[in-house]
There are 2 protein chains.
Amino acid sequence: MTIKDIARISGVAVSTVSRVINNHPDVSAESREKVMAVIREHNFIPNNSARDLVRTKSDAVGLIVRGSQNTFFVDIIHSIESALDEAGYTMVMRQIGSNDNEITCAASMERDKRLLGIIFLGGRSDYSPDELAVLSVPYVFCTFTNSYGTLKNTNYSSVSIADEAEAEKAVNELIARGHKQIAALISASDDHSISQLRYLGYVKALKDHGITVDDSLIIRCGTFNMKDAYEATKKKLAEGVRFTAVFAIADNMAIGAMRALREAGIDVPGDCSLISIDGIEVSEYIDPMLSTLTQPMKEMGRKSVEQLSELIGGTGRHSQITVTTSLREGASMRQI
Amino acid sequence: MTIKDIARISGVAVSTVSRVINNHPDVSAESREKVMAVIREHNFIPNNSARDLVRTKSDAVGLIVRGSQNTFFVDIIHSIESALDEAGYTMVMRQIGSNDNEITCAASMERDKRLLGIIFLGGRSDYSPDELAVLSVPYVFCTFTNSYGTLKNTNYSSVSIADEAEAEKAVNELIARGHKQIAALISASDDHSISQLRYLGYVKALKDHGITVDDSLIIRCGTFNMKDAYEATKKKLAEGVRFTAVFAIADNMAIGAMRALREAGIDVPGDCSLISIDGIEVSEYIDPMLSTLTQPMKEMGRKSVEQLSELIGGTGRHSQITVTTSLREGASMRQI
DNA sequence: TTTGTTGCTGGAAACGTTTCCAGTTTCCTT
DNA sequence: AAGGAAACTGGAAACGTTTCCAGCAACAAA
C-alpha cells in the first residue's frame with residue numbers, strides 16, 4: 001500500500017495525495033476529504049525511508065546519555081522522550097561508557113541516522129569549539145553547561161542548574177546548622193565538569209564563612225555510582241579522617257556515603273549531617289530521608305526539547321537556560 | 001558525497017561500490033581495495049534512508065517499556081541497548097503510560113519506523129493471540145512471559161524468571177524463619193500478570209506449609225511505584241492489620257513499604273521481616289539492606305536481543321527462556 | 001572449434017516519497 | 001469582454017541506494 005495506490009483509488013494524482021498527507025494548503029476541501037477517507041479506510045502510513053530520502057533528513061533526534069545507571073536520569077529521559085514524541089520526533093538513544101567519546105559517537109550517529117539534532121544528557125562539559133565543530137546539526141546540553149574556556153564561549157545551548165551557586169546553597173545549609181568540618185563528596189575530574197563547579201561552590205561557601213578548606217576532607221570517587229561513593233567514603237573513614245557533615249554532589253553518591261557512615265558507626269544526622277543535590281525518588285524513602293536540593297527534572301527534559309526544536313526550526317538563538325532547585329528537607333541534617 | 005561520487009572517483013560502477021559496501025563476494029580484490037581506499041579517504045557513510053527504502057526495511061528494533069521509572073529496568077535497558085548496538089541494530093525506545101496499549105503503540109511504530117522487531121519490557125502479560133496478530137514482525141517479551149489462556153499458547157518468545165516458583169522461594173525464606181503472618185505486597189491486577197503469578201507463588205508457599213491464606217494480609221497497590229506501595233502499606237497498617245513479615249513482589253515496592261513500617265514504629269527486621277524480588281542497586285545501600293531475590297538483568301537483556309535476532313534472521317524457533325534468581329541476603333529478615 | 005562455466009563488471013530499473021513546474025479552471029477586476 | 005490573479009491539479013524528476021540482468025573475458029571440458 002503506497003501513495004500511488006491511494007492516488008489511484010481516490011482518483012487523484014500522487015502529488016495531491018502527498019499534499020494531503022503533508023497538510024499543504026493548495027488542495028481543495030473536496031479532494032482532501034476524498035483522499036483522507038481512502039487513507040483512513042486502508043489505514044495507510046507513508047513510508048518514512050522514502051520521505052527521509054527525498055527530504056534528505058529524518059525525524060530522528062539523538063539522545064546521548066552518559067551514565068544512565070544514575071536514576072537521576074531516568075525521569076529526565078522519560079520527559080525528553082515524551083516531549084520529543086509530542087513534537088513529532090523519533091528518539092534514538094545511545095548510552096555511552098566512560099571510555100567512549102560522546103562527540104565521536106554523536107557525529108557517527110548524526111550521519112548514520114541522519115539526525116536532526118542531538119541532546120547530550122550528563123556529559124563531560126569541557127568540549128572545545130574544535131571538538132564540537134564536527135557536529136553539523138544543533139545540539140543541547142541537558143543537566144550541564146559547557147564550561148570550556150571558563151564559560152566565555154556561549155555559542156551553545158543548555159539546560160541546567162547553576163552548579164556553583166546551588167552547591168553553595170547546599171553547603172550554606174550545613175554551615176547554618178553550625179557545621180565547620182564539612183566533607184565534600186565529589187567525583188574525580190580534572191576538567192570543568194559539574195563536579196568541579198559544585199566543588200567550587202563548596203569552597204566558596206566555606207571561604208565566605210571564614211572556614212579554611214581542608215583538602216583531606218575532599219572525598220573523591222571515580223563516578224557518580226553508589227558503589228564508588230560508598231567505597232571512597234569508607235576509605236576516607238578508614239584513614240581516620242572525621243567530619244561532622246557531608247555535602248555530596250549527587251543523591252546517588254549520598255546514598256553510597258550513608259552506608260559507609262552507618263557501617264563505621266557514625267549516625268546520620270546525630271554524628272554527621274548530610275545534604276546533596278538531585279532529588280531522586282528513592283532519596284525520599286530511605287532512612288533517614290535525604291535532605292536534598294531537588295532539580296526540576298521534568299522541566300529540564302521538556303525545556304531541552306523545546307530549545308532543540310527551535311534550533312532545528314531555525315528560529316531562536318542559543319541560550320543557556322538555568323533552572324533552580326528547591327530544598328526538600330529530609331532528616332539527614334541535624335536541626336538548627 | 002554519495003555512492004555515485006565514490007564510483008566516479010574510483011573509476012568503477014555504482015553497483016561495484018555497493019557490492020564492496022555490502023561485502024558481496026563477487027568483486028575482485030583489486031576493485032575492492034581501490035574502492036575501500038576512496039571510501040576511507042572521504043569517510044563516506046551510505047545513506048540509510050536510501051538503503052532502507054530499497055530493501056524495504058530498516059535496521060530499527062523497537063523497545064516498548066512500560067513503567068521505566070522502576071529502576072529495575074534501567075540496567076536491562078542498558079544491556080538491551082548495547083546488545084542491539086553490537087548486533088548492528090538501532091534501538092528506538094518508547095515508554096508508555098498506564099493508559100496506553102502497548103500493542104497499539106508497537107503496531108504503529110512497526111509501520112511508522114519500519115521496525116525489524118520489537119522487545120516488550122515490563123508489559124501486561126495477558127495478550128491474546130488476536131491482539132498480537134496485528135504485529136507482523138517478531139517480538140520478545142522481556143521480564144515477563146505471556147500467560148493468556150493459562151500458559152497454553154506458547155507461540156511467542158520471552159525471557160523471564162519463573163514468577164510463581166521464585167515468589168514461592170522468597171516466601172519459603174520467610175516461613176523458614178518461623179513467620180506465619182506473612183503479608184504480600186502486590187500490584188493490583190485482575191489479569192494473568194507478573195503480580196498475579198507471584199501472588200500465586202505466595203499462596204502456594206503458605207498452603208504447602210499449612211498456613212491459611214488471609215486476604216486481609218494482601219496489600220494491593222496500583223503500580224510498582226515506591227509511592228503507591230508506601231501509601232498502600234500505610235493504609236493497611238492504619239486499618240490495624242498486623243503481620244510479622246512482608247513479601248513484596250518488587251524491590252521498589254519493598255522500599256516503599258519499609259518507609260511505611262518505619263513510620264508506624266515497626267522495626268525491620270526486629271518486628272517485621274521483609275523480602276522481595278529484583279535486586280536493584282539501591283536495595284543494597286539502604287538500611288537495613290534489603291534481602292532480595294536478584295534477577296540477572298544483564299543476562300536477561302542480552303538473551304532477549306539474542307532471541308529476537310534469531311527470530312528476525314528466520315533461524316531459531318519461539319522459546320520461553322527462564323532465568324533464575326539468586327538470594328542476596330541483606331538484613332531485612334530476622335535470623336534463623 | 002564449440003560449449004559451458006566461472007568470475008567479475010556495468011547498466012538500469014526499482015523502492016516510495018516530495019517538490020518543482022506547467023497547466024487548467026475559476027473568479028475577480030477593470 | 002478581456003485580462004490576470006488565485007486556486008487547484010497532474011506529470012515527472014529527483015533523492016541514494018540495492019539488485020537483477022546481461023555482458024565480457026578467461027579458461028576448462030568436450
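Mentor: A salt bridge here is a side-chain nitrogen of Lys or Arg within 4 Å of a carboxyl oxygen of Asp or Glu. Keep that in mind. And remember that this is a predicted model.

Trainee: OK. How many salt bridges over all chains, by this rule?

Mentor: The count comes to 31.

Trainee: And how many does the rule find across the interface of chain A and chain B?

Mentor: Four. One of them joins the side chains of Asp85(A) and Arg94(B), at 3.1 Å from N to O.

Trainee: Where do those two residues sit?

Mentor: Asp85(A) is in helix 5 of chain A. Arg94(B) is in strand 2 of chain B, residues 90-96. So the pair crosses between chains.

Trainee: Which residue does Arg262(A) meet in a salt bridge?

Mentor: Asp287(B). That salt bridge is 3.7 Å, N to O.

Trainee: Why can such side chains pair at all?

Mentor: Opposite charges can pair when the charged atoms come close.

Trainee: What about polar contacts between chain A and chain B? How many residue pairs?

Mentor: The count is 14, with both residues at pLDDT 80 or more.

Trainee: Which parts of chain A touch chain B?

Mentor: Several elements of chain A supply at least two residues each. Among them are helix 4 (48-55), helix 6 (102-112) and helix 10 (226-238). Strand 2 of chain A gives the most, with six residues.

Trainee: How do the residues on that side divide into nonpolar, polar and charged?

Mentor: On the side of chain A that touches chain B, 17 are nonpolar, 11 are polar and 15 are charged.

Trainee: How many residues are in contact on each side?

Mentor: 43 residues of chain A contact 43 residues of chain B.

Trainee: How much area do chain A and chain B bury between them?

Mentor: About 4200 Å², with 52% of it on carbon and sulfur atoms. In chain A, Ile45(A), Arg111(A) and Tyr285(A) lose the most area to chain B. Together they make up 16% of what that side buries.

Trainee: Through which surface do the copies meet?

Mentor: The same one. 100% of the interface residues of chain A are also interface residues in chain B, so the copies meet through the same surface.

Trainee: What rotation superposes chain A on chain B?

Mentor: One of 180°, with 0.1 Å of shift along its axis. The RMSD is 0.2 Å. The two copies are thus related as by a two-fold rotation axis.

Trainee: Which C-alpha of chain A is nearest the axis?

Mentor: That of Ser49(A), 2.3 Å from the axis.

Trainee: New topic. What does the domain assignment give for chain A?

Mentor: Domain 1 is 3-41. Domain 2 is 56-162 + 297-325. Domain 3 is 163-294.

Trainee: How far apart are the C-alpha centres of domain 1 and domain 2 of chain A?

Mentor: They lie 37 Å apart.

Trainee: Where is Thr143(A)?

Mentor: In the loop between strand 4 (139-142) and strand 5 (157-161) of chain A.

Trainee: And the peptide bond from Val268(B) to Pro269(B), cis or trans?

Mentor: It is cis, with omega near 10°. Pro269(B) lies in the loop between helix 11 (251-263) and strand 9 (273-278) of chain B. The bond from Asp287(B) to Pro288(B) is cis too, with omega near -5°. Pro288(B) lies in the loop between strand 9 and strand 10 (291-294) of chain B.

Notes. Residues numbered from 1 in each chain as written. Chains lettered and ligands numbered in written order. Predicted model: local features only at pLDDT ≥ 70, side-chain atom pairs only at ≥ 80, totals over all residues. Heavy atoms only, no water. Least-squares fit on C-alpha atoms with pLDDT ≥ 70 in both. Contact = heavy atoms within 4.5 Å. Domains from an automatic or database assignment. Buried area = accessible area lost by both parts, 1.4 Å probe. Polar contact = N/O pair within 3.5 Å; in protein donor to acceptor, adjacent residues only side chain to side chain. Helix = DSSP H or I, 4+ residues; strand = E, 2+ residues; numbered from the N terminus. Nonpolar A, V, L, I, M, F, W, Y, C, P; charged D, E, K, R; others polar.
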